[in-house]
Each structure stands twice: as structure tokens, then as C-alpha cells.
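Please read them with the sequence and the structure side by side.

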Amino acid sequence: MPDHSQSGMVFDATVLSNFARIEQFHRLAPLYSKRGATTLMVVEEVQRGIQAGYSRLEVILSSLAPAGWLAVVTPETAEERSLYVNLLATLGAGEASCLAVGRMRNMVVATDDRAARLKAAKHAIRVTGTLGILTRLVQEDIVPLPYANELLSRMIHQGFRSPIRELEPGS
């Protein structure tokens, strides 16, 4: 797991949704205020989720800058756009945009998507995911380990396919 305590973080929809669906999205702000971002493509994905009936995702939209802590960015430079288009061949728009922005702006990408993580490794992009963020919440004394494990259990119950059932002490 990369040390993302001081890095900028660009979030994909899955990680944001995992916290929103269990009504714990507010836990991200203490860690990523002024450093957290997502892409316009992810925002569009979240909006489609809300339209499909996932109303708990609305907290994501209410956390967007300028009023909230989560900046919205897009692949802007020619290099970002080129990498984004290249990644679209194998990834969804949200994951591709997060990887392109993360790579070119030296940000950590928060994704649980296996294909995105494999592409990140090929492009030397630092990644973390829901488990890494839960671990960071414990390390930063934002939540105690037993509560983090309760949150993980709730995420799993909501459909998060976690490779583990509990975080280890000291992880």
C-alpha cells in the first residue's frame, strides 16, 4: 500500500460508493480535504447511479467543490487526453480518466477495479483502494480498528467484493 498521507488522491466511483452506500462518506474528508479529487467522468457515473435509484450516492455530489472537499478534474493536457483515450480501450471512462489524471499529476488513484489496478501497475501509477483507505483511517486515529472492521463488514454486505473479511491489527 502506498503512503498516501500527503499525496493528492483521485477517486473512482467504486471507492466513493463503498463509503457512501454505508453512510460513512464523511470519513473521507478528514484525510483528503484539499487533496481529494475525482473526475467529471466519475461524477457522471455517480449521477447515473442516483438516477437508477441509489440515493445514498447523493452525498458524493454534495461533497463536490467548490462547496465541498472533493475537486472535479478532467484529463486536460494532451498527454492526459492521449493516455485516457488509450486506456478507454480496456477500461470504463471513470477508471481511465482517474488513471490518466493520476499518472500525469503524480496522484494516487483510489480504485478497487482489478483491470484498472493492473493497468496502473503497467503505467507506474500508485494505487490504493477501499481497504487501504480503511487502514489509513485507523492509522490516523479517525476510527478505531473494531469500527473499521464493522464498516468493512457493512460494505461487504452492500456488495463490496473484499479479498479479506477483517483488517489486521497494525496493518
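1. Asparagine 18 is a residue of helix H1, which covers residues 13-21; helices here are DSSP runs of H or I with at least four residues, strands are runs of E with at least two, and both are numbered from the N terminus. This is a predicted model, in which local features need pLDDT of at least 70 and side-chain atom pairs count only at pLDDT 80 or more, while totals for chains, interfaces and linings use all residues. Residues are numbered from 1 along each chain as its sequence is written, and side-chain values use heavy atoms, with hydrogens and water left out.

2. Is asparagine 18 buried or exposed? Its relative accessibility is 4%, so asparagine 18 counts as buried, where buried means under 20% relative accessible area, exposed means over 50% and partly exposed lies in between, with a 1.4 Å probe and protein chains only. Once neighbours within four places in sequence are left aside, asparagine 18 is in contact with Asp112, Thr130, Met155 and Phe160, contact meaning heavy atoms within 4.5 Å.

3. The axes of H1 and helix H8 (residues 130-139) come within 10 Å and cross at roughly 55 degrees; axes are lines fitted to C-alpha atoms, for helices over the stretch in contact, and angles run from 0 to 180 degrees between N-to-C directions. H1 and H8 are therefore oblique to each other, given that angles under 35 degrees count as roughly parallel, over 145 as roughly antiparallel, 65 to 115 as roughly perpendicular and the rest as oblique.

4. The sheet is an open one of five strands, in the order S3-S2-S1-S4-S5, with parallel pairing; two strands pair if DSSP finds at least two bridges between them. Its edge strands are S3 (71-73) and S5 (127-128), each of which pairs on one side only. S1 and S2 pair in the parallel sense over three bridges, and methionine 9 has glycine 36 in S2 as its bridge partner. Three bridges likewise join S2 to S3, which run parallel, with valine 72 in S3 as the bridge partner of threonine 38. Strand S4 (residues 108-110) is joined to S5 by two bridges, again in parallel, and alanine 110 stands opposite threonine 128 in S5.

5. Within S2, Gly36 and Thr38 point one way and Ala37 and Thr39 the other way, yet all are buried. Helix H3 (residues 40-51) lies across strand S1 (9-11), strand S2 (36-39) and S3, and runs at about 75 degrees to S2.

6. How many aromatic pairs are there? The count comes to three, under the rule that rings of Phe, Tyr and Trp (its six-membered ring) pair if their centres lie within 6.5 Å, with planes under 30 degrees apart counted as stacked, over 60 as edge-to-face and the rest as tilted. The rings of phenylalanine 11 and tyrosine 32 have centres 5.3 Å apart and planes at 80 degrees, so this pair is edge-to-face. It links distant parts of the chain, as phenylalanine 11 is in strand S1 and tyrosine 32 is in helix H2 (residues 29-32), 21 residues apart; both residues are buried.

7. Phenylalanine 25 and tryptophan 69 form a tilted aromatic pair, at 5.7 Å centre to centre and with 35 degrees between the planes. Phenylalanine 25 is in the loop between H1 and H2, and tryptophan 69, 44 residues apart from it, is in the loop between helix H4 (58-62) and S3. Phenylalanine 25 has 2% relative accessibility and so counts as buried, as does tryptophan 69 at 13%. Phe11, Phe25, Tyr32 and Trp69 form one aromatic cluster.

8. Serine 162 belongs to the segment after helix H9 (145-157) and, at 12% relative accessibility, counts as buried. Leaving aside neighbours within four places in sequence, serine 162 is in contact with Leu131, Leu152 and Ile156. The C-alpha atoms of serine 162 and leucine 131 are separated by 8.0 Å, although these residues are 31 residues apart along the chain.
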